[in-house]
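Subject: Structure handover

Hi,

Here is the structure I promised to pass on. Please open it alongside this note. My findings follow below.

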Amino acid sequence: MKRKNILIIKGKLASLNDYTKACRAQGKKGYLAGSQMKRTAENRIKKCIAEQFKGGKFKSPIRVKFRWYEPDKKRDLDNICFAKKFIFDALVKSGTINGDGWRDVQGFTDEFFVDKSNPRIEVEILEV
């Protein structure tokens, strides 16, 4: 491993259920709602990236460890970690990683915890 960095995103991101519900809204409104939800999440994540990584870039390939800290156990694990799509897209769009395909990402893991007072997502990026 050459380098190790952790990105912290405060609070929660939309779950798969939230995103699906937005996309299923009536007609064109649903498409726009889902698109807006994704754009809002990516912008929030890109702000965290800019503040915490300060323009740093990781060399491919990478491995990513996601640690999801929820305020309670109400949401299903698979719904929570759906948000990694938003995180990977924001990392690519910000130029922090080259891509999120097979060539650039060797794999990722998810761990889940409860932290009522400090829900967050920790994204550990490891160059391999």
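Which residue lies over the face of Tyr69? The answer is Arg120, placed at 3.7 Å from the ring centre. Keep in mind that this is a predicted model.

**Strand 4**

Arg120 is also one of the residues of strand 4, which covers residues 120-127. Eight of the eight residues in this strand are buried, so the strand is largely enclosed by the rest of the structure. Both of its faces are covered. One side carries Arg120, Glu122, Glu124 and Leu126. The other carries Ile121, Val123, Ile125 and Glu127.

The partner is strand 2, residues 62-70. The two strands pair in the antiparallel sense, over eight bridges. Within that pairing, Trp68 stands opposite Ile121 of strand 4.

**Aromatic pairs**

There are nine aromatic pairs in the structure. Phe66 and Trp68 make a stacked one, with 5.6 Å centre to centre and 15 degrees between the planes. Phe66 and Trp68 are both buried.

Phe88 and Phe108 make a tilted pair. Here the figures are 5.8 Å centre to centre and 55 degrees between the planes. Phe88 belongs to helix 4 (residues 84-93) and Phe108 to strand 3 (residues 105-114), so this pair ties together parts that are 20 residues apart in sequence.

Phe108 has 41%, so it counts as partly exposed. Ring pairs join Phe66, Trp68, Phe88 and Phe108 into a cluster.

- The peptide bond from Ser60 to Pro61 is cis, and omega is near -5 degrees.

That is the handover.

Best wishes

How values were computed:
Residues are numbered from 1 along each chain as its sequence is written. This is a predicted model: local features need pLDDT of at least 70, side-chain atom pairs count only at pLDDT 80 or more; totals for chains, interfaces and linings use all residues. Side-chain values use heavy atoms; hydrogens and water are left out. Buried means under 20% relative accessible area, exposed over 50%, partly exposed in between (1.4 Å probe, protein chains only). Helices (H or I, at least four residues) and strands (E, at least two) are DSSP runs, numbered from the N terminus. Two strands pair if DSSP finds at least two bridges between them. Rings of Phe, Tyr and Trp (its six-membered ring) pair if their centres lie within 6.5 Å; planes under 30 degrees apart count as stacked, over 60 as edge-to-face and the rest as tilted. A charge sits over a ring if NZ of Lys or CZ of Arg is within 6 Å of the ring centre and within 35 degrees of the ring normal.
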